[in-house]
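Hello,

Please find the structure below.

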Amino acid sequence: MRVAIVGAGVAGLSCGQALLAAGAEVHWFDKSRATAGRASAKRVFGSHVDLGAQYFTVRQLAFRQQVDLWEQQQLVAPWPAQLYCFANGHLQQSNDDIKRYVGLPAMHSPWRVGLSELAFTLNCRIQVIEYQQGWQLQAEDGRSFSGFDALVLALPPAQAAELLAQDDDLRQQVPTSLLQPCQAIALELSEPITHPATAVFVKNRPVSWLANNSDKPGRKAERQHWVLHFTPEFSQQHLTATADELSLLAQAELSLLFQQDVQVEQSVHQRWLYAIVDAEQPAPGVLISRRFPCVLTGDWCLGGRVENAWLAGQQAAKAVLHV
Ligand code: FAD
């Protein structure tokens with residue numbers, strides 16, 4: 001069985017790994033120049049900076065077994081963050097003792113280990129999919145790819161829906177507004193922050209999260225660097241904000257929270273249009289076409305987060321093997 005997977009984030013990679021283990025031939029397509037999607041990292045400030053997923057947690061046994069294996073292979077490590085909360089003008093240590101993991105040395109490290117480069121076509125945005133005996137995919141740049149028995153769309157729901165022109169029934173099941181945006185920025189600081197907090201959940205401010213990325217295992221650098229995430233509401237209202245504008249605001253937020261004059265050497269910005277699942281909306285589960293050998297997967301199918309992306313990928317692989 002030849003399977004095309006559009007989207008090489010955690011869900012697409014997890015799905016493909018399971019299909020390969022079951023003997024299928026798998027090829028991934030992704031519009032980015034690297035894999036891991038929202039769980040990828042940028043190589044800046046002499047380190048790996050996680051601008052998307054900050055850490056992941058483990059709740060289900062199947063993921064636990066996988067994470068234990070990665071930990072033995074030193075592809076992931078626990079991150080014993082000094083976690084604080086900032087609310088009503090007060091910074092307080094959190095009593096949340098959930099174990100948090102990070103990829104080592106970068107968030108993207110574990111997901112595609114052992115996979116051949118040849119199995120990936122990157123920098124390739126799929127624009128049209130068509131089924132006639134087998135699947136044919138057309139990329140934005142005119143390239144086309146054919147001869148696939150099954151197709152997995154491991155994409156944010158709005159991006160999956162764009163491809164479903166031939167399958168109205170499936171398209172109507174896709175909750176296109178499920179993912180909210182996030183403006184993210186990383187700041188390299190001239191002087192370190194002296195407060196012991198290394199990660200803060202923030203309430204009622206433009207930012208919702210900040211973390212000392214250089215505190216994570218494997219990410220030490222000459223200078224401290226911090227990652228800040230703006231809230232979905234702020235990000236939606238300021239989708240066109242520039243890196244400089246966000247950097248100034250982030251610097252002011254750090255100074256306010258830590259009551260310390262913070263100076264920035266450099267910053268890196270990432271705008272995620274489809275970032276975080278809206279917890280108010282129900283998760284639809286992995287979606288399977290009734291007309292074609294096609295399965296939709298992604299974190300959003302099971303409620304968001306890295307763990308659910310990985311689990312949704314495994315579920316999609318099972319569905320593919322039965323379509
Ligand atoms: P994605 O990672 O979005 O993968 C989809 C892939 O599809 C992408 O690589 C994209 O390039 C590709 N693509 C899209 N359209 C096309 C197309 N037409 N053709 C080809 N390729 C296409 N989770 C946690 O557990 N803990 C956290 O701390 C956490 N923090 C987060 C913070 C931010 C700012 C963000 C953005 C996410 C965070 N998450 C966190 C969520 C976590 O990153 C996701 O749940 C997970 O990475 C989603 O994986 P996925 O494979 O479902 O989707």
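Which backbone nitrogen lies 3.3 Å from a polar atom of the side chain of N213? That of D50. The backbone oxygen of H48 lies 2.8 Å from a polar atom of the N213 side chain. Polar pairs here are N or O atoms within 3.5 Å; within protein, one must be able to donate a hydrogen and the other to accept it, and residues adjacent in sequence count only if both atoms are side-chain atoms.

This is a predicted model: local features need pLDDT of at least 70, side-chain atom pairs count only at pLDDT 80 or more, and totals for chains, interfaces and linings use all residues. Residues are numbered from 1 along each chain as its sequence is written, and side-chain values use heavy atoms, with hydrogens and water left out.

N213 sits in the loop between β16 (207-212) and β17 (225-230), both DSSP runs of E, at least two residues long and numbered from the N terminus. N213 counts as buried because its relative accessibility is 1% (buried means under 20%, with a 1.4 Å probe and protein chains only).

An oxygen atom of the ligand is 2.7 Å from a side-chain N or O atom of D30, and a ligand nitrogen is 3.0 Å from a polar backbone atom of I126.

Regards

How values were computed:
Helices (H or I, at least four residues) and strands (E, at least two) are DSSP runs, numbered from the N terminus. Buried means under 20% relative accessible area, exposed over 50%, partly exposed in between (1.4 Å probe, protein chains only).
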